[in-house]
Structures are given as structure tokens and as C-alpha cells.
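Work through the following exercises with the sequence and the model at hand, and compare each step with the solution given.

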Amino acid sequence: MFKLRRFLKDYKKECIIGPLCKLFEAILELLVPIVMANIIDIGVKNSDTGYILKMGGVLVLLAAVGLLSALVCQYLASKASQGVGTKIRRELFSHINSLSHAELDRLGTPSLITRITYDTNQVQQTVAMGIRLLTRAPFIVIGAIIMAMTINAEMSVIFLIAAILIAVTLYIIMTKSIPIFSKMQKKLDKIGLICRENLSGNRVIRAFSKQNTEKERIAKSTEELTKTSIRVSRLSALLNPVTYAVTNIAIIAIIWFGAGNVNDGRGMLSGDIIALVNYMTQILLAMIVVANLVVLLTKTSASAARINEVFETMPSVIEKNQNNIILRENSSIPKIEYKNVFFSYGEGDDELEDISFKIMNGQTVGIIGGTGCGKSTLINLIPRFYDVTSGDICIDGKNVKEYPFLQLRSQIGIVPQQSVLFKGTIKENMKWKNKNISDNDIIKALKTAQAYEFVEKLPRGIDSFVEQGGKNFSGGQRQRLCIARALTDNPKLLILDDSFSALDFATDAALRKALKKNTSEMTVIIVTQRCSTIKDADLILVLDNGKLADQGTHEYLFNNCEIYREICLSQLNEKEAKQ
């Protein structure tokens with residue numbers, strides 16, 4: 001929690017004035033029993049109606065001022081907590097976006113969503129409760145004991161004994177329940193993960209008729225949470241009965257010994273007994289508040305640790321240069337060059353080993369190989385989604401690490417394996433890279449991507465609505481829209497990562513023809529499993545288990561690379577492969 005205190009620096013006024021208002025309210029609350037005692041000992045005893053009404057007015061005034069003070073504190077606490085929550089979410093979201101793919105893979109999407117929502121809300125709630133009650137509850141306990149001592153020092157011993165017994169009860173119950181609360185939070189995270197998987201993978205679950213299995217899975221997790229909740233509830237249920245029992249015993253003792261003092265005429269009056277009983281009740285209520293605060297702080301400490309873990313996670317891919325670098329046009333310099341590149345996702349074996357090749361400006365390059373051979377990993381190093389373990393990758397003769405992210409990625413159009421469209425309209429999706437692009441340029445990109453034929457048939461054309469994830473379009477339509485989005489800004493380098501997989505062969509061929517015609521000055525990299533897609537490429541890279549098996553044209557590789565030949569013959573007959 002203390003690591004997050006920096007978010008309170010803009011709310012120092014609220015954090016000071018709020019607790020002071022609560023302390024003022026507590027002082028007024030501690031005065032009430034004294035006024036009540038005076039009403040009984042003076043007004044009622046002497047049948048002084050005027051005094052009773054006057055003191056009654058004082059009680060109303062104390063209540064009104066206390067209410068006003070509480071409202072001011074409530075407003076300041078809400079302002080500070082909401083502000084802190086907003087700042088944490090903004091900074092957390094910004095920091096998450098600064099992380100590289102490696103850190104995002106490690107932390108996981110479901111966990112990050114939980115941290116930016118539930119955990120942040122927990123911290124926000126604690127800030128509000130802390131401003132309102134963190135200082136008030138201890139002050140009430142200490143103040144009630146002091147006020148009891150001013151009334152009768154001997155009777156205040158009962159208060160001390162009761163306070164100690166209640167504190168010990170709280171300590172025992174809290175120490176036993178805190179670990180269980182931590183387990184509950186983990187079980188809640190597990191249920192959240194299962195629900196997320198079920199909602200996002202609902203179609204797959206139905207396709208495999210796994211509804212009953214998933215019901216059993218969620219039932220098992222909720223049953224575990226229920227058992228854990230019952231355990232902690234049983235412990236928490238002891239809190240109120242034990243606390244009330246101690247308090248009531250203390251009240252009986254106050255009445256018993258107080259009555260003896262009154263009867264013996266040892267300086268105590270009937271009103272003093274009423275005041276002492278009221279102070280004991282205030283201690284009881286304050287201790288219950290303390291117990292709730294302890295539970296809240298326990299939950300929040302776990303949430304704060306999870307938030308701090310994200311903030312303490314530093315991106316492995318760092319932008320070393322903020323200023324654009326100057327590039328010189330030279331046709332002899334490769335557009336892309338890999339020099340002895342090695343890459344590993346972690347401490348395991350290298351995903352890529354000693355990769356070296358050159359791609360000249362304007363070339364169309366195909367990358368092919370078996371599943372898991374490192375094709376996507378290879379092209380993800382170009383825009384620095386990951387950094388190489390060793391070796392160098394250069395664009396236009398400059399190492400990619402020298403580029404600022406914006407300059408590097410603005411010249412690259414990427415279509416990832418998973419087609420991602422965002423909720424909105426087709427036009428809004430097409431304007432992701434360039435907000436000022438014209439409708440004509442959008443239509444041109446859609447035509448090149450072979451998407452305009454179905455877009456123009458939609459009732460609203462390019463203004464047609466796109467549901468979340470593009471679920472109102474087929475897989476092939478989503479792929480073509482994503483390709484069009486990448487083409488809208490005429491990137492110097494176009495990377496298509498298995499982006500033709502959902503296309504039929506006729507659309508595939510038409511798309512390749514349109515790309516060749518409309519992107520003559522663009523360097524195009526096509527990652528694919530289909531040899532027919534890259535037969536006409538200027539250069540083909542064949543990967544095998546993270547190594548570059550060979551490179552060259554289709555004809556050369558078919559005759560000289562056994563791996564490439566096997567891939568071709570698994571998809572085409574020998575005559576078709578040679579054409």
C-alpha cells in the first residue's frame with residue numbers, strides 16, 4: 001500500500017482535512033454522554049425543564065454540527081478515492097501499453113484485466129474508508145477511556161480490561177481469517193478466468209458439446225470458494241457475539257459497581273453511570289469498525305501487491321532514441337537485413353538460430369515452413385515486438401534498435417495471424433493508422449484487399465457497423481478487412497502473417513495479383529503455409545525448427561531444398577509445382 005501513496009500527492013488537502021473533520025465529529029460524539037449525564041443529574045433530578053430543554057438543544061446542535069462535519073469528510077473522501085482510482089487506472093493502463101509482448105505474455109490478459117478493475121477498486125475503497133475511519137476509530141476508543149477516567153478513575157479499569165479483551169479477540173480472529181481471505185481472492189481469480197474462457201470460447205464449447213463439462217468445472221470452483229467462504233464466515237461470525245458479550249459484561253460491571261458507588265455516596269451520580277455505559281457502547285462500535293478496516297486492509301494489501309507487480313515490471317524492449325533518425329536513399333542498401341540473429345522467449349532453447357538474409361527494397365518475400373518453426377517469431381522481431389537475443393536486424397541500413405518506435409512502426413503495415421477488428425464502423429477501422437485518409441483511399445485499399453466486393457453490398461457501405469472482434473463478418477472477410485487496414489497508409493513494408501489462411505484459392509490469387517499491381521514500390525513479406533501463395537515471390541525463406549534451411553526462388557528451392565520440395569508436393573502434384 002505504501003508504494004501507492006504517490007497517487008495521493010494531489011489530494012493532500014483531502015487527506016488532511018477529511019480525517020480532521022472526522023476527529024472533530026468524534027470529539028462531539030464523546031461530549032454527548034457528558035451532556036446526557038448533566039441532563040439526568042441536574043435537569044431531571046431538580047425537575048428543571050428549562051435546563052433539560054437547553055441541554056436538549058445542545059444535543060441537537062452537537063448532532064447537526066457532527067453531521068455537517070461527517071458530510072464534509074464523506075465528500076473529501078469520495079473525491080480523493082475516486083481521483084486516486086482514476087489515476088491508478090490511467091497510469092496502469094499506460095504502463096501496460098508500454099510493456100513488450102514478452103511481459104504481456106507472462107502476466108496474462110485475464111490477470112491484467114482483474115488488476116486494472118477489481119484490485120484498483122479495492123485500493124480506491126480503502127482510501128475512502130481510511131480517510132473516514134482510520135483515525136476516528138482509535139480516537140474514539142482512546143477518548144472514551146480517557147473520558148471514563150475523568151468521570152471515575154476506578155471504573156475506568158473496567159474499560160481498560162474490556163478494551164484489551166476485545167482487542168485480543170480481534171487479533172485472534174483476524175490472524176486466523178487473513179490467510180483464508182487471501183485464498184478466497186485466488187479462488188475468485190480462478191472463477192473469473194473460467195468465466196472469461198467460457199464467454200470468449202463459447203462457440204468452441206458448443207461445437208464440442210462440452211457444456212456439461214464446463215458446468216462441472218465452474219461448479220467445482222464455486223464449491224471450493226463456498227467452502228472457503230464458510231470457513232472465514234464462521235470465524236467472522238464469532239467476532240460480534242464475543243465482542244458484544246465482553247461489552248455487555250463490562251456494562252453489567254459498570255452498572256453493578258456504579259450503583260454501589262451511587263448508593264454509598266462515593267462521588268458518583270446516576271448520570272455518570274449512563275455516561276459510562278454510553279462510552280462502553282462507543283468502544284464496542286469503534287472496535288467493530290476496526291475489525292472491518294483490518295479485513296479491508298488485508299484484502300487491499302494483496303491487491304496493492306498485484307498492482308505494484310505490474311508497475312515494477314519493466315519492458316524488455318526499450319525505446320533508446322526519441323528523435324527520428326535520418327535515412328539516405330540508396331538502392332544498394334537492403335530494405336531488411338538479418339545478421340546472425342538468435343532469439344529465445346526465455347531460458348529455454350533458442351526459437352531462432354543464426355538467421356541471416358537480405359531483402360531488397362520492393363521485393364516480395366515469402367516465408368514458409370512447418371508449424372512451430374518460428375515464422376511468426378521471425379517477422380515479430382522487425383517492428384520490435386520482441387528484441388533479438390543476439391545478432392542484428394537492420395532496416396534501410398539502420399539497426400531497428402536505433403529507431404524510435406513511432407518512426408519504425410509507422411513505415412510498417414502488419415496483418416497478424418489473428419484478425420482483429422474493433423467495435424465501430426468499417427471506416428473507423430480503416431482510419432486507425434491515418435485519421436485523415438479519404439473515403440477514396442479507403443475504397444482503393446478495400447479493392448486491393450478484395451474486400452470491396454462484399455463491403456459495397458452492405459446497406460451502409462464503409463459506414464457499416466463492426467461488432468466487437470468483427471464477429472458479424474466471416475473469417476475470410478475479417479482477414480481482407482485487416483489487409484485493407486494495413487494498406488490504407490501505403491506502408492513501405494507490408495507484413496502478412498498467414499493472412500490468406502481463410503481465403504479460397506480464387507480470392508487468394510486475385511489478392512496476390514492486386515498486391516503485385518498496386519504495391520510495386522512496397523516491400524511485401526508473406527508468411528504462409530501455402531506454397532501456391534508464394535510461388536511467384538522474388539525470394540522465399542524456408543524455415544525448419546528455428547533455422548534457415550535455405551533461401552531462393554521457387555524453382556531453385558524446389559530443385560535443391562528437400563524441405564521445400566516436400567511442402568510443395570504435399571499440396572500440389574509435381575506438374576503444378578513446377579509451373
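**Exercise 1.** Determine what percentage of the residues of the chain count as buried.

Solution. Buried means under 20% relative accessible area, exposed over 50%, and partly exposed in between, with a 1.4 Å probe and protein chains only. By that rule, 46% of the 579 residues of the chain count as buried. This is a predicted model, in which local features need pLDDT of at least 70 and side-chain atom pairs count only at pLDDT 80 or more, while totals for chains, interfaces and linings use all residues. Residues are numbered from 1 along each chain as its sequence is written, and side-chain values use heavy atoms, with hydrogens and water left out.

**Exercise 2.** Compare the radius of gyration of the chain with that of a compact globule.

Solution. The radius is taken over C-alpha atoms, and the globule rule is 2.2 Å times the number of residues to the power 0.38. For 579 residues a compact globule would come near 25 Å, but the chain has 36 Å. As a next step, consider the principal axes, along which the C-alpha trace spans about 120 × 50 × 45 Å.

**Exercise 3.** Decide whether Thr377 is buried or exposed, and list its contacts beyond its neighbours within four places in sequence.

Solution. Thr377 lies in helix H10, residues 375-380 (helices are DSSP runs of H or I with at least four residues, numbered from the N terminus). Because its relative accessibility is 8%, Thr377 counts as buried. With contact meaning heavy atoms within 4.5 Å, and those sequence neighbours left aside, Thr377 touches Phe343, Tyr345, Glu351 and Leu352.

Technical notes. Helices (H or I, at least four residues) and strands (E, at least two) are DSSP runs, numbered from the N terminus.
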